[in-house]
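Welcome! Please take a moment to look at the chain below before reading on.

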Amino acid sequence: MAYSQSNAGFIIAENSVILIDTLDSDERAKTLKSLIARYTDKPVKTIIYTHGHPDHRGGAGAFMDSDPEIIAFAPYKPVLGRMNALQDVLNQRGTRQFGYQLSDEEIITQGLGIREGKVQGEGQYAMVPPTTVYQEEQVKKPLH
């Protein structure tokens, strides 16, 4: 069953749940939260953002009751040179691609993407900034 245009996953650890991405809105994340509750009553204590797109981080607000650590990684590669020259074209493309200028009646599918900050007919986008940002390409933690 699809809950969103993006995906999320979770790992039931010894004392808590590790959530990988949070879907795209608070309403869809609440559905994800109830799905997790079918498998465990452990709290979500870690959220990992795989990347910065809103459809992967927009539902984080639904999990703040358990005060999770939110982990993200800084970009591995620097932004390509002269990207500023393309910004207007990229913004126009994104507006058309995700239907930002369409009304709720005109946007008949979410398969083309969400509007920044709102999913059609649902609650607001609830992205929460990361609490931990790693600069390294890989993080190694000692096993206990």
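Here is a short briefing on this structure, grouped by topic.

This is a predicted model, in which local features need pLDDT of at least 70 and side-chain atom pairs count only at pLDDT 80 or more, while totals for chains, interfaces and linings use all residues. Residues are numbered from 1 along each chain as its sequence is written, and side-chain values use heavy atoms, with hydrogens and water left out.

**The overall plan**

- You will find 3 helices and 5 strands in the chain; helices (H or I, at least four residues) and strands (E, at least two) are DSSP runs, numbered from the N terminus.
- Starting at the N terminus, the order of the elements is β-β-α-β-α-β-α-β.
- The chain has 144 residues, and 35% of them count as buried; buried means under 20% relative accessible area, exposed over 50%, and partly exposed in between (1.4 Å probe, protein chains only).

- An open sheet is formed by 5 strands in the order β1-β2-β3-β4-β5, with mixed pairing; two strands pair if DSSP finds at least two bridges between them.
- At the edges stand β1 and β5 (132-134), each with a single partner strand, so one side of each has no neighbour in the sheet.
- On average, neighbouring strands of this sheet are turned by 20 degrees against each other, direction ignored; the axes are lines fitted to C-alpha atoms, for helices over the stretch in contact, and angles run from 0 to 180 degrees between N-to-C directions.
- β2 and β3 run parallel and are joined by 4 bridges, and Ile 18 stands opposite Thr 46 in β3.
- β3 and β4 also run parallel, with 3 bridges between them, and Ile 47 faces Ile 70 in β4 as its opposite residue.
- β4 and β5 are parallel too, joined by 3 bridges, and here Ala 72 stands opposite Val 133 in β5.

**The nonpolar core**

- In soluble globular proteins, nonpolar side chains tend to be buried together.
- A nonpolar core is a set of buried Ala, Val, Leu, Ile, Met, Phe, Trp, Tyr and Cys residues joined through side-chain atoms within 4.5 Å.
- The largest one here has 16 residues, and those touching the most other members are Leu 19, Leu 32, Ile 36, Val 44, Ile 47, Tyr 49 and Phe 63.
- Two or more residues of this core come from each of β2 (17-20), α1 (26-39), β3 (44-48) and β4 (69-73).
- The biggest contribution is from α1, which gives 4 residues.
- Setting aside residues up to four places away in sequence, Leu 32 touches Ala 8, Leu 19, Asp 21, Leu 23 and Phe 63.

**An aromatic pair**

- The whole structure holds 2 aromatic pairs; rings of Phe, Tyr and Trp (its six-membered ring) pair if their centres lie within 6.5 Å, and planes under 30 degrees apart count as stacked, over 60 as edge-to-face and the rest as tilted.
- Phe 10 and Tyr 39 form a tilted pair, 6.0 Å centre to centre with 50 degrees between the planes.
- Because Phe 10 lies in strand β1 (residues 9-12) and Tyr 39 in helix α1, this pair ties together parts that are 29 residues apart in sequence.
- Phe 10 is partly exposed at 26% relative accessible area, whereas Tyr 39 is exposed at 57%.

**Residues in the loops**

- Most residues other than glycine have a negative phi, and most peptide bonds are trans.
- Asp 21 has a positive phi, near 70 degrees; this residue sits in the loop between β2 and α1 and is buried, at 2% relative accessibility.
- Asp 67 has a positive phi too, of about 50 degrees; Asp 67 belongs to the loop between α2 (54-57) and β4 and is exposed, with a relative accessible area of 63%.
- Ser 16, in the loop between β1 and β2, is buried with a relative accessible area of 14%.
- Beyond its neighbours within four places in sequence, Ser 16 contacts Ile 11, Lys 42, Pro 43 and Lys 45.
- Ser 16 and Thr 40 are 24 residues apart along the chain, and their C-alpha atoms are separated by 8.9 Å.

How values were computed
Contact = heavy atoms within 4.5 Å.
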